[in-house]
Amino acid sequence: MDKKPLLLRTLLVLVVIAVFAIAMYPLAPQNYYDVFQSLLKNPADPVAGELVAAAKAKQSKDVNLFESQALLAAADERGVNLAPMVKGSDLSNSRDVMSLIRKKASSSIRLGLDLNGGVEFYLELTPDANQSAEMKAQMENDFNHYRDVAVENLRRRLEAQNIFEAEIAPSGARNIVLRAPLVTKDEKAKLRDIIQMSAKLEFRLVESASEAELDSYKANPDSVPPGTEYMEYTELEHGKPFIRRFLVRVRPEMDGRNITLARAIRDEMGQRKITLRFNIQGADDFKRVTQANVGRLLAIVLDGKLYCAPRINSAIAGGAAEISGSFTDEEAKSIADALTSGSFPFKIEVRAVFDTDPTLGRASVENGIVVGIISLAVVALFMLIYYRFSGIIAIAALALNILLILGAMAAFDCTLTLPGIAGIVLTIGMAVDANVLIYERIREELKTGKSVANAVASGYDRALSAVVDSNITTLVTALILMNVGTGAIKGFAITLCIGILSSLFSAVFVTRLVYDYLFRYFDLKRISMLQIFATPKFDFIRSWPKALCFSGALIVLLIAMFFVRGRGMLGIDFTGGSAVTYEYKEKGNTSQMARTLKAAGYDQASVTYKSGVGAARDVMEVRMRGDDRDDLATGRAIGELLAKNYPQLGIRPDTARTQHLDGLIGREFTKTAIYAVVLALIGIGAYILLRYEFSFAIASVLALLHDVMVVLAIYLASGRTIGLTTVAAFLTVIGYSINDTVVIFDRLRENLKLHEGANFEEMVNLSVNQTFGRTMITSLTTFAVVFVMWIGGGPEISDFVFVMMLGIILGTYSSVMLSAPFVAWRRRCRAAKAKGGR
């Protein structure tokens, strides 16, 4: 190896580190009170000092109170409007100031609703007045279906703005509750516009009319001919605004329902445009319309607003069109995203807007972070003790991995939630796998008598295929979920992709570079490692029938759980429930109140606070599962229970207002999720087939199905329910459990090449035994991470980490006891069939 590649690789590593380190600044949230002081017009304002002191006093009494809550409460108690005191535009009250401070104090990574709160919109769906009677009747007969479509369209619109962690749920007969992790006034206003955009695109013909007639129609809209309306738009001509006026048919020739892609662009003159691409049906319709009306003007109307009216010079058969107009870049992108995501068959009215507090108490958030740090320290300590000096290199790679993950999340505007923190910590635990694979291969090469330099080079070369294959199978899963998944599934997939790529870069590329420097400039002569797991000599083939019986029993348990628990196994995210709001005087410990409600039998109860925007009042909201919780009597009973246990909060049971909530996971979301998982399994099987052979692919997919089914059986038997968080955990199990299987198959392929003509079943046993040490080390370190999180992470992530613990244990079990022996059984069946054929 010459010096040039070493230098180039070093520069590449430094550039990557610099880019992501800059992107993640500031990573930690800044002190809220310091930011408040920095925004004051008069930093020495005594009133501000008194408010900060009062807010800190409130926090000392309630550790779950956030700075924004305490400062707002202190200002409200004293009747102080903070808006005139701080620097900033478009600030009308203290809540606007809280949003501004929260934005300025926030970290480079957007925090989720559970960690930082956000905004809640209460929406009402009303049928479009211009719809045909037939369409209105169809919507009334199947309103829930059209409402689900509207929910998924809203979800796609938010995803186009990189908001994947929003909560959208039907509420009552014709309402939707939408929560998003946005805190500033500008973000809320933009989201409101996106929500209310119905994206109803129409292509209408223009009727001829003189200037005098157009003047008359503008002055007296009732005088327009039947079936037409007066419309106008403004465009720039030689740098000056010019109004274009038209008499436009009300009935469209075609609409935008068949649009497959809309993009915001600038033409060669710098004018903003939106290009449209139709599907086959839309292309045929557009050709028909333009062919029949050559020479006429065709008005392009979006949500009742005329944007342009180009002349049809000839039939357009390419399935493409464009909209030009006076857009800002942001407006053009929002319209394009809305057209791509689909139009609404409703008119959406915003009935109320609330600023929501974090759904987790402050103590819960801090506890989750501390537990994450402890779990990482456990992994680092193990690597240091077991692999000694090489463990230091691995720890440095893990630290770099954390930096890259956080930097990438900041750069790509990802949202971080508490389960997301758990997922990142888990990704770090999984990243140990690559280091362990490499170090165990280096150990094997050293035992053959090679020099340290040659052993390291051979170790990296021989482990590379297993490392790459195991990570690419997980990456295939993540990419498919990212492309076809929605909402939380897409957000999870993006985080998983980032974790996989950063792990490969740090564990393979960077650590190899460190070794190259050690050999070149420090003359490294010796590497020592502990060895707890020597190569065993278990007969896994003989144990296969017993393993099949054990797995079969657990699958029978799953079937029994489906019959015994029925709909009761689904959490509030699936089943929906009720929300009850109350007026109050003081804020309290939401986690403690939730425990009180659960102890009283109110299933999956959660408590949060919502600050009213505009005419809406500040309220405390209680959410719980169950179809029988939406009556006023129950709402008052809950209020009385809380008022009795927490009299200092001044909760008023007589102000109880109840509303029914449908599940966050509707029919469309469920279909998309199932479709994504099926495609992920097919993708994994296809990759294994490409890299190995058919029996290996079948074994891998069956093992994944086994892991999910068995984990689900034990999870349900423990009395837990399935929600969005556990869906993410099961997706993680799919991505994680394939790793062990791929490593074993990689070693089996290598042994078959080294020992040509050897007995296949002996090679299977040899391969499983040779990788057994690596399998146990990786599984135990990852299990240790998850176990620490389970012990100290709190109830908010308990279900997530419980699934992961089961997934690690059963994923290891299926790889060792089921997958490899299945391949041997398939080979034996083929041999018997071939022998019988002769």
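Of the chain's 838 residues, 54% count as buried, where buried means under 20% relative accessible area, exposed over 50% and partly exposed in between (1.4 Å probe, protein chains only). This is a predicted model: local features need pLDDT of at least 70, side-chain atom pairs count only at pLDDT 80 or more, and totals for chains, interfaces and linings use all residues. Residues are numbered from 1 along each chain as its sequence is written, and side-chain values use heavy atoms, with hydrogens and water left out.

**Whole chain.** Colour by secondary structure. The chain has 27 helices and 19 strands; these are DSSP runs numbered from the N terminus, helices being H or I of at least four residues and strands E of at least two. Among contacts (heavy atoms within 4.5 Å) between residues at least 6 apart in sequence, 76% join residues at least 24 apart.

**Stop 1: helix α11.** Select residues 280–292. Now show Gly-282, Ala-283, Asp-285, Phe-286, Val-289 and Thr-290, which are buried. Look down the axis: the buried residues of α11 fall within an arc of 165 degrees, so they line one face of the helix. That arc uses directions from the helix axis to the C-beta atoms.

Exposed Ile-280 and Ala-292 sit on the face turned away from the buried side. Then pick Asn-279, which caps the N-terminal end of α11. One of its side-chain oxygens lies 3.3 Å from the backbone nitrogen of Gln-281.

**Stop 2: helix α17.** Select Phe-505 and Phe-509. They lie four residues apart in α17 (residues 487–521), about one helical turn. Phe-505 is buried at 17% relative accessible area. Phe-509 is partly exposed at 26%.

**Stop 3: aromatic rings.** The whole structure holds 27 aromatic pairs, meaning rings of Phe, Tyr and Trp (its six-membered ring) with centres within 6.5 Å; planes under 30 degrees apart count as stacked, over 60 as edge-to-face and the rest as tilted. Phe-505 and Phe-509 form a stacked pair, 5.5 Å centre to centre with 15 degrees between the planes. Next, select Tyr-715, Phe-730, Phe-783, Phe-787, Trp-790 and Phe-802, which form one aromatic cluster.

**Stop 4: charges over rings.** Stay on Phe-802: Arg-720 lies over its face, 4.2 Å from the ring centre. Finish at Phe-354, where Lys-610 lies over the face at 4.3 Å from the ring centre. The cut-offs are NZ of Lys or CZ of Arg within 6 Å of the ring centre and within 35 degrees of the ring normal.

Key
Polar contact = N/O pair within 3.5 Å; in protein donor to acceptor, adjacent residues only side chain to side chain.
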